[in-house]
Structure formats: C-alpha cells, structure tokens
Amino acid sequence: MDCDEVMLTVRITAAERALLRDLARGHGGDVSEVAVDGLLEVIPALHDDACGLPLLRVLARPAPFALTLWLPAPVADLLPLLGERLVRTGGPAAGPASAALSAALRLWLAGDRVVLAAGLARLHGGCGAGAVEAVRPGAGAAVRSGVGGEAFGVEPVKAAA
C-alpha cells in the first residue's frame, strides 16, 4: 500500500505548541502543513555534521507534550538521514526519525515569531500581513505599510501604472 503522507509524533514544549498553533491559525489552521513548511526552511541549513550540535541542544531541553503530525512522504524520507547525523554526533539512537523531526521543528520554532510568520507568508505567496497579525496583533500594520519590511526580507514592489 502506497501512502502519500506519514504520521510522526514529535515532543515539544507548551510554548512551542502554542506558537505552532498561532502560526497555523494564520495559514488555514493546519498545524502539520506549517510544521512541514518550517522543516523545509530549516532542514537545508543542517547540511553537515557541525550542525548537529544545535539539534542536540534542542533535544536536551525537556519537551513534555506529544504532537502528531502528518508529513508528505518525501519530507519524511529526509528525517532518517537527519536522524543518522544526530546519532553520529551523540544524539539518541532510538527513533532517529522522530527525534530528528522534533529537533528540527523545535530549532525552527526557536526563531522570532514575526520572522517565522513572514517566512510562511512569503512561502504561501501572500503579503504576510494576516499571518503576522495572527501571531502578534498590531504587527500586521507594519508589514502592510511597508515599515520594517526589510527585517522580514520583504522588498517593496511597485506596480506600473
């Protein structure tokens, strides 16, 4: 039986869970989709063994909450490779794919809330105002007006009249 999605459980903190839900609220409410978007942003940055240390630090912090996510199979296929890298650098040997998912997701969620929301908005082709507003009320006006857009990597676009 071929599956298009894989179900994995991650361990995260209450604050990380709340942030993930806030980010999802700004993008249709699908926590799994937002997690995948975050993974797609952070996994390429973890291309060598030297990047294992930040992942191990994230895994060392207690994470009492379990959250089940649905991942597209191609994204889930990347996790064992990342898990193997974690094991080589002293990480947990049991459940390397789930541990890798937890570590990568928690590493992404450790970023600035507004930057994360703006990155998701760019990824989904929006201007970011609604997503930023959902995560930090009042911040969307700055994005809509163009103030501080450089902080999010957003360049002003002028349409020809």
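Entry 1. I looked up D37 in this predicted model and found that D37 is buried yet forms no salt bridge. The nearest side chain of opposite charge is that of R122, 12 Å away. I placed D37 in helix α2, residues 31-42. Leaving out residues up to four places away in sequence, I listed L120, L123 and H124 as what D37 touches.

Entry 2. I noted R61 as partly exposed, because its relative accessibility is 39%. E16, at 9% relative accessibility, counts as buried.

Entry 3. I checked E16 for a further partner and found R106, with a salt bridge of 2.8 Å from N to O. Because R106 lies in helix α5 (residues 96-109) and E16 in helix α1, the pair ties together parts that are 90 residues apart in sequence. Both R106 and E16 are buried.

Entry 4. I next examined R113, which forms a salt bridge with D22; their closest N and O atoms are 2.8 Å apart. This pair links distant parts of the chain, with R113 in helix α6 (residues 113-123) and D22 in helix α1, 91 residues apart. I recorded R113 as partly exposed at 32% relative accessible area, and D22 as buried at 16%.

Entry 5. Finally, I traced shared partners: salt bridges join E16, R61 and R106 into one network.

How values were computed. Residues are numbered from 1 along each chain as its sequence is written. This is a predicted model: local features need pLDDT of at least 70, side-chain atom pairs count only at pLDDT 80 or more; totals for chains, interfaces and linings use all residues. Side-chain values use heavy atoms; hydrogens and water are left out. Helices (H or I, at least four residues) and strands (E, at least two) are DSSP runs, numbered from the N terminus. Buried means under 20% relative accessible area, exposed over 50%, partly exposed in between (1.4 Å probe, protein chains only). Lys and Arg count as positive and Asp and Glu as negative; His and the chain ends are not counted. A salt bridge is a side-chain nitrogen of Lys or Arg within 4 Å of a carboxyl oxygen of Asp or Glu. Contact means heavy atoms within 4.5 Å.
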